[in-house]
Amino acid sequence: MRTIDVQVLTDTTARLLVDANYRIPPDILSALRAAALAEESDIGRQTLAHVVRNYEVAEAEQLPVCQDSGVTVVLLETGQDVHWTGGSIEQAIFAGIRQGTSNGYLRMSVVGDPLARLTPAGSPPGVIHYDIVDGEGVRLTVASKGFGAENMSALRMFAPADGSGAVKDFVVETVDRAGANACPPVIVGVGVGGTFEKAALLAKKAVLRPIDQRHPRAETAALEAELLKRINDLGVGPQGLGGTVTALAVNVEVYPTHIAGLPVAVNIGCHSNRRTSIAL
Amino acid sequence: MLEDRTSLALSAGEEVRVSGELITIRDATAKRLLDIAASGQTLPVDLTGRVLYAVGPSPAKPGQIVGSAGPTTIERFIAYLPFLFRSGVRGVVAKGELHGDIVSAFRDAGAVYLAAIGGLGALLGKQVVAAEIVAFPELGPEALQKFTVRDFPAVVIIDRQGGNFHETARARWRRSQSS
């Protein structure tokens, strides 16, 4: 049994949130640098050069890369042999989100009541997902999900007869419809299988996976490659100004589902796709 | 102010640098303005000939004029644009796409849509050389502000001839789907 004080969650969440907003993930920055050379359209290459420069300046001067610091999404993976003490895990993470937002001069972009559009004191400042795993390990991932891309995400419950062709078309059409709104070049997270909510969570985890790692299963990796090619043939290009780089990567996650179903969720990440992750 | 002769000369796909005053707008700002107009009151700012900037900046760090300040998605303002055009607005700076009837609304109003690069907040914040809250300070990042910008980079998306650069650019670069 390992004992950890929840204060660690507050401190680490606050620190990772600021880091994520000042410095985009290195795998994404190198993909953007490569895209700035590979993009075939002139305006697309120029746009990508601006985007790379924005990230270099933000890191050097410690500024938020984007004014939309998004909804903070925290993934807490905790070993079943960890005993958390010192208070509520949830409240500790929420306190970390509030501290990071304030310390980092980040915009609080969350409204407490989605219908009344008002924020009562103490309302949750972000979204937390928990995974219980074997052992004593803990991993904390903090992501800032901007809503330009989040708003263009989609989920559909297909029938088994629709098959993989319909699934692929749905992913490509979702990115096409998202167009410039999602701040391309985008990162596309796809969740296939499970249930309604499992597919969405798979898509979220897929979009937060490093983009320089293909799926370990060969057929899923092939699906990722095929979808990326089709998406980059759409012509949307950087910021929708036309070109050959619409997405930097397509990450797919797959899970068993019902014999009567084929849920598919597509979560789109903008070109910053801010995330940081640490083992505690 | 955007002069008629200036906006008439803009054509879809053209890269421009904007210098002058922009009025900031967000979802909550637009709703407040519409509610004020609907109740027969005078708007807190005269929008005649004005160019709007769809932005909700992050808080300024000490020594900054504004924090990060890139564009937000124009699609969310479709419901407000006809009212804003009637109030005199002649240009919008934002990001993202517009299709369908709203494109002709720009032409009918003699207005243009310029896209700034989304996700360029740190750089674009530096092009704001002065900022002043004009109304609704209680809305925080959605307060109505007057930004003075210098050499602010943008691309003309919808021009006064009805051109829509997002559509022509995509059509030019689209390859047939081979599946």
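This is a predicted model: local features need pLDDT of at least 70, side-chain atom pairs count only at pLDDT 80 or more; totals for chains, interfaces and linings use all residues.

Guide: Residues are numbered from 1 along each chain as its sequence is written, and chains are lettered from A and ligands numbered from 1 in the order in which they are written.

Visitor: How many helices and strands does chain A have?

Guide: Helices (H or I, at least four residues) and strands (E, at least two) are DSSP runs, numbered from the N terminus. Chain A has eight helices and ten strands.

Visitor: What does the radius of gyration say about chain A?

Guide: The radius is taken over C-alpha atoms, and the globule rule is 2.2 Å times the number of residues to the power 0.38. For 280 residues a compact globule would have a radius near 19 Å, and chain A agrees with its 19 Å. The C-alpha trace of chain A spans about 55 × 50 × 40 Å along its principal axes.

Visitor: Which residues of α6(A) are buried?

Guide: A residue is buried if 20 or more other C-beta atoms, placed from the backbone, lie within 10 Å of its own, exposed if 12 or fewer, and partly exposed in between. In α6(A) the buried residues are V167(A), V171(A), V172(A), T174(A), V175(A) and A178(A). They lie on the same side of α6(A) because they cover an arc of only 150 degrees around the axis, the arc being that of the directions from the helix axis to the C-beta atoms. On the other side, G163(A), G165(A) and R177(A) are exposed.

Visitor: What covers the buried residues of α6(A)?

Guide: Contact requires that the C-beta atoms of two residues, placed from the backbone, lie within 7 Å. The cover includes strands β6 (154–158), β7 (186–194), β8 (247–257) and β9 (262–269), together with helix α8 (218–232), of chain A.

Visitor: How many residues of chain A are in contact with chain B?

Guide: On chain A, 38 residues are in contact with 34 residues of chain B. Helix α3 (residues 42–61) gives the most to that side of chain A, with seven residues.

Visitor: Is W173(B) buried or exposed?

Guide: W173(B), in helix α6 (residues 165–173) of chain B, is buried, because 21 other C-beta atoms lie within 10 Å. Leaving aside neighbours within four places in sequence, W173(B) is in contact with S41(A), G235(A), G237(A), G242(A), G243(A) and T244(A).
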